[in-house]
Amino acid sequence: MARSSAIFLCVLFLMVFSFSLSKKVSHVDKLDEDNWQNMLEGEWMVEFYAPWCPACKALEKIWEGLAFQKKELGINVGKIDVTDSPGLSGRFMVTALPTIYHVKDGVFRQYKSPRDKDSLVEFVAKQTWAKVEPVSSWKSPTSIQMSIISQFFKMSQVLRVVHNHLMEEYGLPTWGGYLIFAIGTIFLGAFIGLFIVCVIDCIYPPKQFMEQTKKKQKGSGGFMSAAGSNEDEIANAIKDDLVDEENSESGDSKSQNSTPNVRKRKSRKAD
């Protein structure tokens with residue numbers, strides 16, 4: 001009996017040991033919201049996937065094989081779970097799964113070739129990625145606008161969690177959760193719109209307000225404005241006098257010039 005139990009324990013130990021040996025260590029680097037900027041240095045191949053995606057499950061072994069050769073290829077191989085990092089799916093505009101990006105020193109290119117291992121290795125080894133047009137600066141994941149979009153994706157994930165919590169914990173119906181979000185969106189939009197209008201009015205005030213302020217500034221000139229207006233009137237009067245004298249002189253000269261020359265008749269001597 002003791003001998004049989006010992007044999008059973010040995011067999012169990014061998015099974016556990018063989019299972020631990022058969023379990024492969026993943027060579028793929030896992031990226032998330034905290035460390036995704038690691039791909040900005042060096043050369044990377046990054047996959048966006050989801051655990052429930054059948055195509056992602058089919059690519060898993062191929063991706064592991066690519067990661068196994070990363071030292072030979074001189075690259076890094078990573079993957080991002082969009083369910084855990086929704087902000088990154090918005091930052092990279094991931095609309096289908098799996099989505100693969102090639103990153104070289106902060107320049108992003110989307111991989112759209114076949115997803116077999118040979119094609120992936122050739123894409124990196126023969127630098128086929130150089131023929132692919134890089135992502136524009138406007139859509140670059142490092143740009144400000146894509147950072148803002150990523151925040152909206154994070155917010156949507158938070159709202160989903162809140163919605164599920166209201167349904168599970170408080171028994172709120174689905175339409176009730178949507179109604180609460182709709183009312184909150186209306187009030188938030190009104191507040192943001194009012195704030196933007198106030199900022200615009202402060203930076204670019206209306207024309208009527210500017211004209212009123214100019215009139216007030218002219219009217220509040222006081223003694224200095226009155227003295228300035230008197231000096232202007234005196235100067236204009238002197239100019240008018242000078243113009244009149246010049247006109248009169250020019251008129252007299254014209255009249256003298258315009259009179260016909262009168263010839264005097266010589267007196268005749270008497271015969």
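Burial was assigned from relative accessible area, with residues under 20% classed as buried, those over 50% as exposed and those in between as partly exposed (1.4 Å probe, protein chains only). The model is predicted, so local features require pLDDT of at least 70 and side-chain atom pairs pLDDT 80 or more, whereas totals for chains, interfaces and linings use all residues. Residues are numbered from 1 along each chain as its sequence is written, and side-chain values use heavy atoms, without hydrogens or water.

Six aromatic pairs were found in the whole structure, a pair being rings of Phe, Tyr or Trp (its six-membered ring) with centres within 6.5 Å, and planes under 30 degrees apart counting as stacked, over 60 as edge-to-face and the rest as tilted. Trp36 and Phe92 are edge-to-face, because their ring centres lie 6.0 Å apart with the planes at 85°. Trp36 is buried at 5% relative accessible area, and Phe92 is likewise buried at 2%. Phe92 also forms an edge-to-face pair with Tyr101, with centres 5.3 Å apart and planes at 65°. Trp36, Phe92 and Tyr101 belong to one aromatic cluster together with Phe48 and Phe108.

Four salt bridges are present, defined by a side-chain nitrogen of Lys or Arg within 4 Å of a carboxyl oxygen of Asp or Glu. Lys70 is paired with Asp29, the closest N and O atoms being 3.9 Å apart; Lys70 is buried at 16%, whereas Asp29 is partly exposed at 28%. In the salt bridge between Lys154 and Glu33, the closest N and O atoms are 3.7 Å apart. Lys154 is partly exposed at 31%, as is Glu33 at 24%.
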